[in-house]
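Dear colleague,

Please find below the structure that I am handing over to you. My notes on what was found in it follow directly after.

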Amino acid sequence: MTLLARAASIVGAFDEPSPVLSLAELTARTGLPKSTVHRIVAELLDLRILEWQESGVSGAGYHLGMWLFERGELVPVHRSLSDAALPVMEDLREATRQRIHLAVLEGVDVVYVEILGSTGVSVTSRTGGRLPAHATGVGKAILAYSSAATVRAQVEAGLPRLTPRTISTPAGLTRELRKIRSVGMALDLEESHPGVSCVAAPVFGADRRVRAGLSATGPTKSVDPVTLGPAVRTAAFTLSRVLRESGL
């Protein structure tokens, strides 16, 4: 394994449940010798790719540094998508008074590119964060218009339950994706977070392939698919048109 690959494995050891890791935890997660991890971590600290915190909610340890955040904001694919989406998302938030999510599929997870507003209840979604695609409205909206191979990879990776309402069987997911294609929108009815629901729709790029998912999310009692559905689908259609006209 090259030095770059070893450094990447250390950076990749951090995830949403474990944003702060000790040297021992980094060693265990990467499978690298402790001396190697110690040496590379020291270099990553000098480069501000990692930072050390003495204490906090997660205790003392290393966490990803601001250098990564600063460069991540420059990633062209997500940046161009965000630039195109933000005006549409602002309009959708104004029209629905809900929390607006824009997410893309990466592997079997959705990664949240932009989030506007708050739900008024506890949710774990955050910009740059991940959730299993099958358990989210944006994820299901994307999967419904993805290739059979993409859906198969999702099923083969497992369909873990995030709540009692999460779809967790291949047959159930197949039925759900068929329904989404028939109505042009996806629902998350407390499948990713208890007490929280959303309406989502697919966003297509200039190549006519599904590019992202756009959703309006809020407390279940405030999410009415009959009224939110047309607004979300119209916003997703508008964003798709913007991407098409911009060659994105």
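I begin with helix α3: its 13 residues should span 18 Å at 1.5 Å a residue, and its end C-alpha atoms are 19 Å apart, which agrees. The expected span is 1.5 Å times one less than the number of residues in the helix. Helices (H or I, at least four residues) and strands (E, at least two) are DSSP runs, numbered from the N terminus.

Please note that this is a predicted model, in which local features need pLDDT of at least 70 and side-chain atom pairs count only at pLDDT 80 or more, while totals for chains, interfaces and linings use all residues. Residues are numbered from 1 along each chain as its sequence is written, and side-chain values use heavy atoms, with hydrogens and water left out.

The buried residues of α3 are Thr36, Val37, Ile40, Val41 and Leu44. Here buried means under 20% relative accessible area, exposed over 50%, and partly exposed in between (1.4 Å probe, protein chains only). Seen down the axis of α3, the buried residues fall within an arc of 125°, so they line one face of the helix; the arc is that of the directions from the helix axis to the C-beta atoms. They pack against α1 (3–11), α2 (23–30), β1 and β2 (61–64). Ser35 and Asp46, on the other side of α3, are exposed.

Arginine 48 lies in the loop between α3 (34–46) and β1 (50–53), and is partly exposed at 37% relative accessibility. Its C-alpha atom is separated by 6.7 Å from that of methionine 66, 18 residues apart along the chain.

I turn next to the nonpolar cores, each a set of buried Ala, Val, Leu, Ile, Met, Phe, Trp, Tyr and Cys residues joined through side-chain atoms within 4.5 Å. The largest has 26 residues, and Met89, Ile100, Leu102, Val203, Leu214 and Leu239 have the most contacts inside it. Among the elements that give two or more residues to this core are α5 (76–96), β3 (99–106) and α9 (225–245). A second, separate core of 20 residues includes Tyr112, Leu131, Val151 and Leu173.

Finally, lysine 140 in helix α6 (residues 137–143) is buried, with a relative accessible area of 0%. Leaving aside neighbours within four places in sequence, lysine 140 is in contact (heavy atoms within 4.5 Å) with residues including Glu176, Asp188 and Glu191.

With kind regards
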